[in-house]
Amino acid sequence: MKCSTLKPFPADFLWGASTSAYQVEGANLEDNKGPSVQDIKKVPEGTSELDVCADHYHRYKEDIALMAEMGFKEYRFSVAWTRILPEGTGKINPKGIAFYDDLINTCLQYKIEPIITIFHFDLPAALNEKGGWSRRESVDEFVEYCRILYGHFGDRVKYWLTINEQNMLAMLGDALGTSRPAAGTNRLKQIYQDNHHMLLAQAKAMKLLHKMLPGAKVGPAPNISLIYPKTCKPADILAAQNFNAIRNWLYLDMAVWGIYNPLVLSWLEQNDALPEILPGDMEIMKEAKPDFIAFNYYGTSTVEASDGTEKDISDPSARGGRIGAPGMYAFTKNGTLPLSPFGWEIDPEGFRATLREIYSRYHLPMIVTENGLGAYDRLEEDGSVHDDYRIDYLREHIRQMRLAITDGCEVFGYSPWSAIDLVSTHEGVVKRYGFIYVNRDEFDLKDLKRYRKDSFYWYKKVIASNGEDL
Ligand code: BG6
């Protein structure tokens with residue numbers, strides 16, 4: 001659709017940015033924090049450990065002041081489960097509560113809305129040791145952790161996100177450092193059993209939030225991006241439908257409607273990988289209702305028909321090699337899209353298409369909780385960082401988001417990745433995303449001083465004009 005008049009961003013639009021605890025905080029075993037799976041994983045060769053990161057744990061006041069200077073209306077961060085419960089369950093760590101109390105209060109002091117991600121890739125190591133999400137108990141462990149967060153922070157936090165990118169946890173656990181060794185021969189079954197427990201944990205967490213905090217809102221936070229067929233051959237269209245179902249709709253169909261996407265169920269059945277669903281599970285899934293959909297978007301993917309052989313299993317061009325599904329789809333390059341310095345396809349129009357698709361399926365308000373460009377930045381001698389490539393990326397995505405709003409989509413916030421430089425999931429410190437530069441290298445911590453990038457000043461202007469001045 002060509003639009004001659006653009007609708008404005010809503011007056012109370014939530015502009016801000018995101019981080020996650022294990023990637024930004026550092027102090028990973030300080031003040032009684034217990035280890036998470038991120039602290040015990042073997043980091044990829046040539047990349048930094050996650051013990052210092054951006055040292056946000058000690059510098060959050062300075063960081064939030066910089067966010068306020070940019071005009072942030074919200075800051076999305078995650079709570080490290082093992083700061084609150086070092087063992088994952090049991091005794092609460094008062095220092096962990098105190099840290100997030102003050103972080104929230106600092107945000108509020110600047111009139112920045114805190115948006116909490118409850119769980120972002122950092123399962124307590126103690127629970128992982130016991131079998132992590134494969135155990136039915138994991139559902140209640142997660143819900144108990146949520147109860148503590150709601151009880152302590154619910155008087156001030158209105159927006160809650162359940163699980164960050166559950167779909168990436170299922171599909172890319174190896175790259176994210178969250179996979180457990182395969183417990184048997186049927187890895188697919190194991191993955192989707194864990195996944196079922198997480199879906200159930202999420203449903204219970206949403207129900208509990210509505211009970212405990214009637215004024216607050218909660219939503220899932222998967223990574224959603226539309227899947228394109230390579231050609232208009234019917235077999236490629238079917239392959240795109242397959243991957244859309246496995247990657248995207250499985251998670252939102254369950255969160256919003258409380259049903260298993262039928263295509264996915266059938267695929268799991270064909271592979272003897274159906275999860276065990278206990279009586280009552282599906283009632284809980286149905287009763288739980290999100291208030292909004294949060295989603296992360298970086299770029300679309302393209303697939304073609306799969307001939308069912310092993311060659312279709314992975315996509316070596318994607319992070320960690322994406323896991324495919326023989327007989328369902330095979331990854332392929334789009335061929336029309338530019339690539340980021342780290343080889344990710346850049347597709348702003350795909351962002352508009354994704355927003356339209358989500359909204360037309362679920363009719364819920366949406367907030368974009370990640371979007372951004374990982375790139376090598378250079379700190380100049382005068383303290384400037386000229387990241388025009390990042391500005392271009394964000395500008396084009398914001399333009400497309402506005403077009404989606406003009407198309408009729410309800411979007412109430414934009415929280416790109418990331419507020420400040422942090423450590424990437426598996427590509428180290430050199431892959432930077434932030435508006436704020438952190439002066440450190442992969443292994444040399446330097447002085448960790450903060451510098452404003454060109455994108456910092458640009459985003460400030462965007463926020464001040466409510467998205468009019470791009
Ligand atoms: C999202 C995650 O998938 O992508 C973040 O929620 C992550 O944790 C971000 O950092 C960018 O990915 P990467 O691999 O470049 O760090």
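**Exercise 1.** How are helix 3 and helix 15 oriented to each other?

*Solution.* The model is predicted; local features require pLDDT of at least 70, side-chain atom pairs count only at pLDDT 80 or more, and totals for chains, interfaces and linings use all residues. Residues are numbered from 1 along each chain as its sequence is written, and side-chain values use heavy atoms, without hydrogens and water.

Step 1. Locate the helices, which are DSSP runs of H or I with at least four residues, numbered from the N terminus, as are strands (E, at least two). Helix 3 covers residues 56–70 and helix 15 covers residues 454–464.

Step 2. Take the angle of about 55° between them, with the axes 8 Å apart. Axes are lines fitted to C-alpha atoms, for helices over the stretch in contact, and angles run from 0 to 180 degrees between N-to-C directions.

Step 3. Classify: under 35 degrees is roughly parallel, over 145 roughly antiparallel, 65 to 115 roughly perpendicular, and the rest oblique. Helix 3 and helix 15 are therefore oblique to each other.

Step 4. List the contact (heavy atoms within 4.5 Å): Leu66, Glu69 and Met70 of helix 3 meet Phe456, Tyr459, Lys460 and Ile463 of helix 15.

**Exercise 2.** Determine the strand order of the open sheet and its edges.

*Solution.* Step 1. Two strands pair if DSSP finds at least two bridges between them. The eight strands run in the order 5-4-3-2-1-13-12-7, with parallel pairing.

Step 2. Strand 5 (217–221) and strand 7 (293–296) are the edges; each has a single partner strand, so one side of each lacks a neighbour in the sheet.

Step 3. From one strand to the next, the twist averages 25°.
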